[in-house]
Every structure is written in structure tokens, then in C-alpha cells.
Amino acid sequence: MAEIRQRKGKGPAKDEYRTAVVEELDTSESDTPAPKPKRKQSAKELINEEEAYSPWLDVLRVLSFLIVASCGLSYLISGGESFTWNLRTPPKYMQLDWWKAQLRGPIYLTPTELAQYDGTDESKPIYLAINGSIYDVSSNRRTYGPGGSYRFFAGADAARSYITGCFAEDRTPDLRGVEEMFLPLDDPAVDSHWSAAELAALKEQELKEAREKAHEALAHWVRFFENSPKYPKVGYVKKDKDWLDKEPRKKLCETAAKGRKPRKIPGSEE
């Protein structure tokens with residue numbers, strides 16, 4: 001940008017005229033020296049730089065990150081149990097058998113076919129069923145295999161026994177009459193404290209509550225196996241639609257029957 005200045009001209013200093021001299025000064029940034037162009041590296045210098053570079057530092061950084069991330073993920077998944085994936089009971093999605101079952105799809109076995117998976121043949125897995133669903137309990141062969149405390153559950157749908165506690169006698173999914181174990185015993189002397197209508201209404205309420213207790217007793221074990229990371233669900237029991245009509249009605253087992261108590265008189269203490 002040009003700047004206009006006025007200066008005194010050369011000549012007499014007093015009464016003589018003054019001459020205005022216009023001087024144009026260049027105040028642009030052209031006075032600033034231009035940066036020197038960067039010297040272009042030769043091919044030999046570029047090759048030397050590439051040879052001097054080592055990828056091991058980057059590899060070390062990646063490995064360090066993966067180790068820290070793995071430890072943190074292990075801690076979260078195990079609920080604080082381990083930083084090194086040393087889980088006593090890994091989640092189902094971390095078990096090979098669970099993924100095999102997902103890819104294979106559910107299996108369908110008749111009660112006769114299911115009986116072959118009771119642990120007597122060590123080349124086969126141990127299966128048990130509850131309420132029609134089959135679970136693989138091979139990871140706990142000592143408990144569910146021959147001689148184990150829960151061997152009665154293996155190779156069968158023993159839903160009834162989960163409620164009654166009669167493992168050997170109730171190896172069946174037939175639940176008819178099982179609610180009786182939660183019903184009070186009839187006693188004419190005690191029942192006389194109610195009128196016929198009152199006693200009928202009372203028995204109806206007792207039956208409703210007994211059925212709810214039987215349902216909850218079975219549901220407890222159904223939820224246990226559904227949510228257990230040790231025992232993957234592998235399929236379902238295949239039965240005829242009228243299978244229950246072909247089964248004789250079971251009586252309440254002795255152990256469950258002994259647990260029944262007499263009906264209480266209104267206002268009486270235990």
C-alpha cells in the first residue's frame with residue numbers, strides 16, 4: 001500500500017516557497033524475505049528413513065492395548081472373579097458345546113430315546129428333562145451320573161419328583177394330583193367348625209393355593225436350568241398328544257403324603 005508523505009524541498013529556508021514532494025513508500029509485506037523452498041529429499045535419503053523405521057514399537061502398543069482391554073473385559077464378564085478369564089463357570093456363549101447346539105438346532109427325543117442318555121454309556125452325554133425341555137448335564141457327571149445323588153433325574157423327564165422330592169418313585173412328567181401334598185388333611189372333628197357351604201368355599205380356596213404352590217415349586221427348578229450357565233438346553237421331549245391318558249394316575253408318594261398337616265380350627269394356634 002502506498003503512503004503519502006510531505007517533506008521540505010531543498011532551497012531557501014525562510015520566505016521562499018516550499019515544494020511539496022510526494023514520496024511513495026512501499027509498505028507491503030514484500031519487504032519480508034520469502035521463505036526458502038524446502039529442499040527435496042533425494043531417493044537415497046527416503047530409503048534410509050524407511051530402513052531406519054521399526055514397526056515393533058507400534059506392535060508393542062497394540063499388544064499392550066489388547067492385554068489391558070482383555071483384562072478389563074474378563075473382570076466385567078466374570079463379575080470381578082478374574083482378570084485372566086479363569087472362570088469357574090463360563091457363560092453359555094463362551095462354551096463350545098453351547099455354540100454347537102445353536103448351530104445344530106434343538107434335538108427331539110422320545111422318552112425311550114431319552115433314557116439312553118442316563119450316563120451309563122460314557123460315550124454319550126447325560127441328558128435330563130424337566131417340563132418337556134432337555135438339558136445337557138454332562139459337566140456334572142459325578143452328580144447326575146451313575147451313583148450320583150441326582151442320578152434319578154438323568155435320562156428322564158422327572159418333573160413330578162422336583163415337586164414331591166420322591167426322586168426314585170416320581171420319575172415322570174405326570175403332575176396330576178401332585179397339589180394334594182399342599183392340601184390340609186380332612187378331620188370331621190375340625191371340619192365341624194364350618195357350615196357345609198363355608199367348608200366347600202374353604203376347600204376351593206385351599207385347592208387354588210395348593211396348585212399355585214405346586215406350580216411355583218416346579219417353576220423354581222425350571223428357572224434354575226434355564227438360567228444355569230453349566231447346563232445348556234439342547235432340545236425337547238417328543239410325546240404323543242394323548243400320552244397323559246395312557247398313563248395310570250399316580251398316588252401321592254409316601255414322603256409327600258407324610259408332610260400333609262390337619263386343617264386348623266379357626267382361631268387356634270399352631
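Tutor: Beyond its neighbours within four places in sequence, Thr143 is in contact with Gly148, Ser149, Tyr150 and Arg151. The model is a predicted one. Thr143 sits in helix H5, which covers residues 141-144. With a relative accessibility of 18%, Thr143 counts as buried, because the cut-off for buried is under 20%.

Tyr144 belongs to the largest nonpolar core, a set of 23 residues. Tyr144 is listed there among the residues with the most contacts inside the core, along with Leu128, Ile130, Val137, Tyr162, Leu218 and Phe225. Strand S4 (127-130), helix H6 (159-164) and helix H8 (196-227) are the elements that give two or more residues to this core. Of these, H8 gives the most, with 4 residues. In soluble globular proteins, nonpolar side chains tend to be buried together.

Next comes the covalent link. The structure holds 1 disulfide, and this joins Cys166 to Cys253 with an S to S distance of 1.9 Å. The torsion about the S-S bond is about 65°, so the disulfide is right-handed. Cys166 lies in the loop between H6 and helix H7 (188-191), while Cys253 lies in the loop between helix H9 (243-246) and helix H10 (254-258), so the pair ties together parts 87 residues apart in sequence. Both ends are buried: Cys166 has a relative accessibility of 3%, and Cys253 has a relative accessible area of 8%.

The surface gives a contrast. Trp56, Val59, Val62, Leu63, Phe65 and Leu66 form a nonpolar patch there, with about 650 Å² of accessible area together. One of them, Leu63, is placed in helix H2 (residues 56-77). Leu63 counts as partly exposed, because its relative accessibility is 45%.

As for the chain as a whole, 10 helices and 6 strands are assigned. Of its 270 residues, 27% count as buried. The accessible surface comes to about 19800 Å², and 55% of this belongs to carbon and sulfur atoms. Among contacts between residues at least 6 apart in sequence, 58% join residues at least 24 apart.

Methods
Residues numbered from 1 in each chain as written. Predicted model: local features only at pLDDT ≥ 70, side-chain atom pairs only at ≥ 80, totals over all residues. Heavy atoms only, no water. Patch = residues over 30% accessible without salt bridge, like charges linked within 9 Å, V, L, I, M, F, W, Y side chains within 5 Å. Areas by Shrake-Rupley, 256 points an atom, 1.4 Å probe, with all protein chains shown as cover. Salt bridge = Lys/Arg side-chain N within 4 Å of Asp/Glu carboxyl O. Buried < 20%, exposed > 50% of the residue type's maximum accessible area, 1.4 Å probe, protein only. Contact = heavy atoms within 4.5 Å. Core = buried A, V, L, I, M, F, W, Y, C linked by side-chain atoms within 4.5 Å. Disulfide = S-S within 2.5 Å.
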